[in-house]
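Open your viewer and follow along from stop to stop. Each one tells you what to select and what you will find there.

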Protein chains: 4
Amino acid sequence: MELGLIGLGKMGGNMAERLRRAGHKVVGFDFSAEAVQRLNDAGSVGVTTLEDLVKNLQAPRAIWIMVPAGDPVDETIAKLKPMCSQGDIFIDGGNSNYKDTQRRHDELKPQGFEFLDCGTSGGIWGITEGYSMMIGGDDDVVERLRPIFEALAPAPDKGWGRVGPSGSGHFVKMIHNGIEYGMMQSYAEGFSIMKAKKVLGLDLTQISEIWRYGSVVRSWLLDLTADALKKNPELDGLEAYVPDSGEGRWTVYEAIDLNVSAPVITESLIRRLRSREENNFTDRMLAVMRNEFGGHAVKKA
Amino acid sequence: MELGLIGLGKMGGNMAERLRRAGHKVVGFDFSAEAVQRLNDAGSVGVTTLEDLVKNLQAPRAIWIMVPAGDPVDETIAKLKPMCSQGDIFIDGGNSNYKDTQRRHDELKPQGFEFLDCGTSGGIWGITEGYSMMIGGDDDVVERLRPIFEALAPAPDKGWGRVGPSGSGHFVKMIHNGIEYGMMQSYAEGFSIMKAKKVLGLDLTQISEIWRYGSVVRSWLLDLTADALKKNPELDGLEAYVPDSGEGRWTVYEAIDLNVSAPVITESLIRRLRSREENNFTDRMLAVMRNEFGGHAVKKA
Amino acid sequence: MELGLIGLGKMGGNMAERLRRAGHKVVGFDFSAEAVQRLNDAGSVGVTTLEDLVKNLQAPRAIWIMVPAGDPVDETIAKLKPMCSQGDIFIDGGNSNYKDTQRRHDELKPQGFEFLDCGTSGGIWGITEGYSMMIGGDDDVVERLRPIFEALAPAPDKGWGRVGPSGSGHFVKMIHNGIEYGMMQSYAEGFSIMKAKKVLGLDLTQISEIWRYGSVVRSWLLDLTADALKKNPELDGLEAYVPDSGEGRWTVYEAIDLNVSAPVITESLIRRLRSREENNFTDRMLAVMRNEFGGHAVKKA
Amino acid sequence: MELGLIGLGKMGGNMAERLRRAGHKVVGFDFSAEAVQRLNDAGSVGVTTLEDLVKNLQAPRAIWIMVPAGDPVDETIAKLKPMCSQGDIFIDGGNSNYKDTQRRHDELKPQGFEFLDCGTSGGIWGITEGYSMMIGGDDDVVERLRPIFEALAPAPDKGWGRVGPSGSGHFVKMIHNGIEYGMMQSYAEGFSIMKAKKVLGLDLTQISEIWRYGSVVRSWLLDLTADALKKNPELDGLEAYVPDSGEGRWTVYEAIDLNVSAPVITESLIRRLRSREENNFTDRMLAVMRNEFGGHAVKKA
């Protein structure tokens with residue numbers, strides 16, 4: 001079938017190609033002329049305006065929006081609406097906050113548009129391994145897009161599903177990312193302790209490789225970690241700086257709002273915040289307190 | 001080749017069978033007559049005394065000890081030594097503390113015995129999937145046992161290796177289990193938040209299944225979790241009670257001794273401790289403090 | 001001077017009395033006839049309607065609102081406005097969220113009303129010890145109420161001040177309460193460890209009393225804790241259940257929004273959430289995972 | 001009465017002076033000639049050898065050892081024993097691990113020496129405010145030293161006591177310091193959040209001063225914090241580096257050994273470890289994982 005695709009970045013570009021290989025027609029837009037060209041070169045239809053995207057699709061259209069969460073989603077929808085027809089489907093495949101998703105759905109529905117949210121996991125590997133998709137929205141609308149989901153998924157009947165009403169897809173993806181934070185932190189701490197045990201002279205690359213087969217901690221993240229260690233065993237040249245893109249903190253807010261204690265996901269977020277604090281005021285305050293009560297020396301900057 | 005195996009429980013029994021299928025001769029001992037009978041029925045050699053175990057093996061022997069960590073290991077070695085010969089190898093495949101392992105190695109070596117530590121992961125699934133093995137000890141001794149490790153591993157060249165001198169195997173296994181605690185806690189928190197979001201009516205079983213394919217959080221632990229949810233979607237009939245068997249707390253001690261901050265593994269341990277606290281004194285103290293300063297009501301037991 | 005006071009509960013009632021003793025005229029309202037009667041008996045003016053409250057005060061009035069955070073504050077202001085005059089001052093002395101405070105201030109100011117926020121600490125002991133007050137709002141308005149603040153404070157020049165523009169008072173009080181959570185949790189954990197060290201037979205009441213004098217951890221909270229332990233050394237008859245009234249979770253949200261890592265205040269909140277979780281799903285999930293991979297027994301409910 | 005005092009540093013020097021002012025005779029030793037001279041100048045007896053210290057005291061002697069925990073304590077006792085007499089009392093007033101204390105007591109007792117452990121809190125302020133002392137050991141020995149404790153304490157009947165058998169004093173002091181870590185971290189986090197809320201322009205020095213009077217978080221540590229902020233409001237020139245001197249980590253080990261969940265004290269320790277990690281491997285590992293699965297950019301060092 002046909003799919004419009006807005007945003008041909010790391011995720012969107014790969015998705016377009018996976019769909020094309022499965023025999024679907026993808027009409028893709030991006031602000032980057034280069035990304036559009038790449039799509040054309042690959043045999044899909046790249047366009048440089050949203051008008052062209054809409055014109056190149058037959059109503060009722062399905063348009064997958066793969067842009068950064070927040071205002072870009074609202075702006076894209078606002079531009080699309082006047083060009084689109086009743087019954088057209090917009091799919092937000094990005095990492096939007098589920099509350100924004102519910103608001104958008106509730107605005108679009110009475111205006112005659114369909115709106116699905118699709119939490120999309122798999123990263124840059126999805127092109128070959130397929131994407132895990134958690135979908136929220138109306139059941140019949142999901143069904144209309146079944147061929148798309150089946151093509152993007154690792155297998156037609158695996159790795160995707162409608163998980164609930166509008167917002168559910170992004171909610172579940174948010175939790176997915178919260179778990180991801182915790183898993184990443186767990187591995188990273190474990191490897192750090194081994195690295196610090198200098199007297200044993202452990203080879204982290206070897207150990208990550210051993211654990212990939214048969215161990216309780218085997219996982220795809222471990223596969224990637226093993227790969228990263230192979231390429232750079234000492235993680236040289238990297239700064240100890242870890243961004244967070246929103247879903248982790250939303251997970252923490254949600255846990256507290258729901259009165260669920262979630263210490264490990266929360267602590268994983270907090271440690272990312274910590275990685276970005278320079279000349280930490282908290283620690284300077286501790287140092288000065290120790291000096292005040294015990295006369296303990298402070299380190300001068 | 002021949003292997004003596006002491007301890008035919010959940011792990012040992014399955015290992016014996018995996019070795020037998022690979023063509024090795026296993027002589028197994030257990031205090032449970034039933035476990036010994038089971039081994040005999042399966043076509044290996046089950047014996048009811050350590051004397052018989054030693055007699056049924058040709059020197060130089062290799063004897064794998066698969067008993068609970070702590071005194072049982074020391075007691076087993078003490079009993080074996082007078083019956084064994086110079087050059088015999090003892091392998092501790094359990095979850096011993098690596099410091100005990102180093103002490104045992106340093107005692108046995110001058111007495112003419114070889115001693116390997118093998119952190120063994122894979123749980124009850126190892127019989128079919130193979131075991132992940134992290135081995136510490138002398139290189140040439142590991143080489144002598146190569147056929148055994150190749151048979152136990154998921155594939156001859158995968159999932160096992162000598163990671164360093166004596167103690168290294170148990171050290172790495174200890175860290176492995178620490179990571180395992182963190183991963184488990186991460187998943188459990190994520191699912192708990194989804195469960196608490198009642199308004200979306202999420203189906204945890206379905207979601208765990210979706211995530212197994214293509215998602216960033218896919219792992220073997222997730223496969224098992226999906227399986228568990230399929231069997232008991234509400235986790236009915238279970239008590240919220242989580243034991244810990246030692247490696248987690250040793251990981252925490254080690255991190256602190258090495259001055260490595262490991263908040264998530266630590267918190268995962270702390271939460272297990274918390275799960276076993278009844279009528280928590282800490283919380284009662286908080287309640288009474290609130291009452292003291294603010295006149296806030298306390299809940300009577 | 002004259003002060004209207006809405007809400008004669010644990011905090012408000014005591015504040016009225018402290019003001020009366022300092023020579024101020026308090027006109028107090030409460031929905032509880034009993035609380036109003038108590039105020040009259042004490043020599044202040046208790047009234048049973050807001051109309052009477054406003055009538056009993058000369059313009060420009062100062063009316064202190066001491067009601068639960070949230071809707072009650074908005075409702076009280078909505079009722080007061082039509083009866084009040086330009087230039088009247090409303091003071092919100094409760095634990096409102098500072099964002100609500102800023103919204104209220106920005107609505108009231110153009111309507112000709114003044115609005116101060118006063119984070120008020122001291123609990124039920126303020127009547128004798130005075131209150132700590134963190135005030136947000138316009139400087140000149142704060143100055144007009146100086147006699148009130150000087151009377152409520154522990155000393156005219158101590159324990160109170162304007163800390164910034166509207167909202168600042170409630171912001172600082174929010175942080176104050178976050179710190180309070182962390183301090184309470186610190187003490188409670190320490191006492192719990194000592195209680196668990198049964199072999200030493202420590203007397204927690206005695207220790208709390210020793211620490212009150214000369215130690216680094218002496219504090220008012222410790223004074224209260226010592227008092228509570230004297231009355232009930234084993235904390236018998238209490239449930240391990242700890243409510244939270246909002247400022248703690250707001251502190252956590254704020255820290256994350258500001259990208260400040262605040263693990264201890266956060267963990268203190270999380271532990272309160274945990275104290276209210278029955279049959280914890282997270283822990284049941286951990287138990288079932290251990291069973292799945294290792295065959296470890298679960299505890300049946 | 002007479003007291004020998006070994007170690008005239010920040011704590012010991014001040015204690016000597018407080019005792020002298022109370023009319024006791026102090027014979028003090030230190031490796032620093034300057035510290036000895038200072039003691040002589042102050043009117044006590046400073047000596048430069050342990051032999052002179054012992055000679056200047058009449059048997060049965062009481063010798064207070066105020067040296068760094070660990071080997072220095074054992075070495076000091078080993079040197080003293082041959083010069084001392086049966087019935088002499090050694091008091092360890094430092095921050096020894098309580099297990100070492102119990103061992104020392106059990107060795108000394110059959111040799112005819114008495115041994116007390118005295119957890120001593122108060123820091124450099126003890127000279128004027130008195131010390132909080134938690135004492136472990138035999139009751140009659142504590143009684144023999146009552147005049148000393150009464151002089152060192154904030155008041156003869158306040159701030160000190162025998163809390164249990166040998167080791168109890170150091171155990172309780174260890175917990176005291178664990179609580180101290182948590183309280184310090186709580187304040188430091190709160191002040192950090194306020195500092196980050198730039199839009200409100202909060203004055204941390206002013207706020208710390210307000211809180212000192214009437215607030216729930218008032219404490220001696222807050223008094224010191226207010227003082228520190230007055231001297232250096234931005235904490236300029238300090239490095240965000242926080243040592244830990246042992247009791248915090250021992251508290252964490254003890255909590256885990258006793259199966260008591262103590263997340264806040266633990267996290268306070270972990271944050272100190274974190275403050276000393278440069279180019280954190282954990283965070284670099286997180287960064288590289290994000291890059292692997294999502295193609296997210298890493299920051300180059």
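**Stop 1: a proline in chain B**

Start by selecting P60(B), which sits in the loop between α3 (50–55) and β4 (62–65) of chain B; helices (H or I, at least four residues) and strands (E, at least two) are DSSP runs, numbered from the N terminus. The model you are viewing is predicted, and local features need pLDDT of at least 70, side-chain atom pairs count only at pLDDT 80 or more, while totals for chains, interfaces and linings use all residues. Residues are numbered from 1 along each chain as its sequence is written, chains are lettered from A and ligands numbered from 1 in the order in which they are written, and side-chain values use heavy atoms, with hydrogens and water left out.

P60(C) lies in the loop between α3 (50–55) and β4 (62–65) of chain C.

For one more backbone feature, select L235(A), whose phi is near 50°, a positive value in a residue other than glycine. L235(A) belongs to the loop between α11 (220–231) and α12 (247–257) of chain A. As background, most residues other than glycine have a negative phi, and most peptide bonds are trans.

**Stop 2: the sheet of chain D**

Show chain D as a cartoon and look for an open sheet of eight strands with mixed pairing, in the order β3-β2-β1-β4-β5-β6-β7-β8; two strands pair if DSSP finds at least two bridges between them. Its edge strands are β3 (45–47) and β8 (160–164) of chain D, each pairing on one side only. On average, neighbouring strands of this sheet are turned by 25° against each other, direction ignored. Axes here are lines fitted to C-alpha atoms, for helices over the stretch in contact, and angles run from 0 to 180 degrees between N-to-C directions.

Zoom in on β5 (residues 89–92) and β6 (residues 114–121) of chain D, which pair in the parallel sense over four bridges. Which residue in β6(D) stands opposite I91(D)? Select L116(D) to see it.

Helix α5 (residues 98–108) of chain D packs on the sheet, touching β5 and β6 of chain D, and its direction makes about 155° with that of β6(D). Contact means heavy atoms within 4.5 Å. Helix α2 (residues 33–42) of chain D lies across β2 (25–29) and β3 of chain D, running at about 160° to β3(D).

**Stop 3: the rotation axes**

Bring up chains B and D together. A rotation of 180° with 0.0 Å of shift along its axis superposes chain D on chain B (RMSD 0.0 Å), by least squares on the C-alpha atoms of residues with pLDDT of at least 70 in both. The two copies are thus related as by a two-fold rotation axis. Select Y253(D), the residue of chain D that comes closest to this axis, at 3.4 Å (C-alpha).

Next, pair chain C with chain D: a rotation of 180° with 0.0 Å of shift along its axis superposes chain C on chain D (RMSD 0.1 Å). Here S219(C) is the residue of chain C that comes closest to the axis, at 1.9 Å (C-alpha). Of the interface residues of chain C, 98% are also interface residues in chain D, so the copies meet through the same surface.
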